Amino acid sequence: MSKCIVCLRDHTNTTIEHIVPRSLGNIHYILPKGTVCSNCNNRFARFEHDVVSSKPFIERRLRTGVIRSKVPNTEFCLRKKVLKLFLLKIAFEGIHRSRIKLLNDLNLEGIRLILLDKPISIDTELIQGYKPLHRLPNFIDHWRLKGSRIQLYLDHSVDDALFTFKYDDMSFTMDIKKAAHRRLYNL
Ligand SMILES: [Zn+2]
């Protein structure tokens with residue numbers, strides 16, 4: 001019997017949870033068996049599928065070797081909500097795995113509640129495209145995926161926690177602290 005890190009229920013699921021979906025090339029960055037229950041695993045699979053099968057990600061997955069012109073903005077906007085959930089889920093699991101003492105600081109309780117809810121609006125900034133980091137991320141070594149072009153960064157300060165997910169030339173940054181806080185206090 002294990003306790004799910006998301007819903008906190010006891011469960012007997014023994015499947016591995018991929019922090020970054022396998023279809024994006026991740027074979028290393030996983031959580032131990034039993035970390036996430038099958039209910040939560042299935043919930044994540046739904047929005048992961050939506051994001052990973054969206055045009056920008058498919059283009060990268062095909063790896064034609066040619067960077068094409070920008071995907072129309074309209075499509076990106078339609079999928080913004082699931083994309084945010086997708087990124088929050090990766091951030092949540094990654095922080096757990098890293099065992100950084102930020103677990104409480106980052107108010108994971110808020111992120112946990114968002115992940116348990118249906119994909120409703122998450123009011124936080126989401127930046128698409130390359131965003132240069134102003135300083136070296138605090139935990140770059142913990143978050144880099146070896147043997148893959150996927151990278152995760154967490155840049156943490158008193159005021160914010162910028163989580164950046166990079167996949168080839170795509171990059172998304174969001175403030176996970178703000179997302180969790182706003183959800184909790186209905187701001
Ligand atoms: Zn669960």
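**A walk through the chain**

Leu8 sits in the loop between strand S1 (2–3) and strand S2 (10–11), where strands are DSSP runs of E with at least two residues, helices are DSSP runs of H or I with at least four residues, and both are numbered from the N terminus. This is a predicted model, in which local features need pLDDT of at least 70, side-chain atom pairs count only at pLDDT 80 or more, and totals for chains, interfaces and linings use all residues. Residues are numbered from 1 along each chain as its sequence is written.

Phi of Leu8 is near 65°, which is a positive value in a residue other than glycine. Leu8 counts as exposed because it has 10 C-beta neighbours inside 10 Å; a residue is exposed if 12 or fewer other C-beta atoms lie within 10 Å of its own, buried if 20 or more do, and partly exposed in between, with C-beta atoms placed from the backbone.

Turning to the whole chain, there are seven helices and eight strands, and buried residues make up 32% of the 187 residues.

Helix H4 covers residues 80–98, and its 19 residues should span 27 Å at 1.5 Å a residue, which agrees with the 27 Å between its end C-alpha atoms; the expected span is 1.5 Å times one less than the number of residues. Just after H4, Arg99 takes a positive phi of about 55°.

The largest nonpolar core has 38 residues, and those with the most contacts inside it include Leu87, Leu88, Ile90 and Phe163. Such a core is a set of buried Ala, Val, Leu, Ile, Met, Phe, Trp, Tyr and Cys residues joined through C-beta atoms within 7 Å. The largest share of this core, nine residues, comes from H4.

Strands S7 and S8 pair in the antiparallel sense over six bridges, pairing being assigned if DSSP finds at least two bridges between two strands. These strands form a hairpin with two residues between them, and Asp168 in the turn has a positive phi of about 50°, while Lys166 stands opposite Ser171 in S8.

Met170 also lies in strand S8, and it is partly exposed because 16 other C-beta atoms lie within 10 Å. Leaving aside neighbours within four places in sequence, Met170 is in contact with Pro56 and Arg60, contact meaning that C-beta atoms, placed from the backbone, lie within 7 Å. The C-alpha atoms of Met170 and Phe57 are separated by 8.7 Å, although these residues are 113 residues apart along the chain.

Note on methods:
Two residues are in contact if their C-beta atoms, placed from the backbone, lie within 7 Å.
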